[in-house]
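Subject: Structure handover

Hello,

Here is the structure I promised to pass on. Please open it alongside this note; what I found follows below.

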Amino acid sequence: MSINWEKLGQVEIEKILIDAILKYLQENGGEASRREIKDAIIANDDDIATFSQITKKSKNTGTEWSPFEYRSNFAIKNLSLAGIVDAPRRGNITLTDKGSNLNLDNLNIEKAVYSLTRPYW
């Protein structure tokens, strides 16, 4: 079943990306660059690969932009605000102890991430 990305809200998209990001980090040593993470989740998931190909055009400037890049950066920021990942060096993402110990099989992203980050936004 493929995902209709155009019908999903921002948070729904971020939840899909958060799940993929956490799985990648937990399975691959807990540290990677943003680019490595993004490239890997694109390579490992056909739906995310499809989403990464979508571009939009700014109504104000006419500049094209990538919803995948935008939403994946927000997903990482929310993980950071929730204390699940850290960015010890610019562009590198590391799982914290909290992130390493998350059970992804029954993870409630709303509770583990968004309940902690909503006050920030």
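Predicted model: local features only at pLDDT ≥ 70, side-chain atom pairs only at ≥ 80, totals over all residues.

**The aromatic cluster**

A search of the whole structure turns up 4 aromatic pairs. W5 and F51 make one that is stacked. Their ring centres are 4.4 Å apart, with 20° between the planes. W5 sits in the segment before helix 1, while F51 belongs to helix 3 (residues 46-52), so this pair ties together parts that are 46 residues apart in sequence.

F51 has a further partner, F68. Here the geometry is edge-to-face: 6.2 Å centre to centre and 80° between the planes. This pair also links distant parts of the chain. F51 is in helix 3 and F68 in helix 4 (residues 67-81), 17 residues apart. F68 is buried, as is F51. Taken together, ring pairs join W5, F51 and F68 into a cluster.

**Helix 1**

Helix 1 covers residues 10-27, which is 18 residues. From first C-alpha to last, helix 1 reaches 26 Å. That is close to the 26 Å expected at 1.5 Å a residue.

Which residues of helix 1 are buried? They are I13, E14, L17, I18, A20, I21, L22, Y24 and L25. As background, an α-helix has 3.6 residues a turn, so residues three or four places apart point the same way. The buried set includes I13 and L17, and also I21 and L25. E14 is on that list too, so check its side chain when you have the model open.

Just after helix 1 comes G29. G29 takes a positive phi of about 85°.

**Strand 1**

S33 lies in strand 1 (residues 31-33). Is S33 buried or exposed? S33 is buried, with a relative accessible area of 18%; the cut-off for buried is under 20%. Leaving aside neighbours within four places in sequence, S33 is in contact with G91 and N92.

**After helix 6**

P119 is in the segment after helix 6 (109-117). P119 is exposed, at a relative accessible area of 69%. How far apart are the C-alpha atoms of P119 and I13? They are separated by 20 Å, and the two residues are 106 residues apart along the chain. I13 itself is among the buried residues of helix 1.

Best wishes

Methods
Residues numbered from 1 in each chain as written. Heavy atoms only, no water. Helix = DSSP H or I, 4+ residues; strand = E, 2+ residues; numbered from the N terminus. Expected span 1.5 Å × (residues − 1). Buried < 20%, exposed > 50% of the residue type's maximum accessible area, 1.4 Å probe, protein only. Phe/Tyr/Trp six-rings, centres within 6.5 Å; stacked < 30°, edge-to-face > 60°. Contact = heavy atoms within 4.5 Å.
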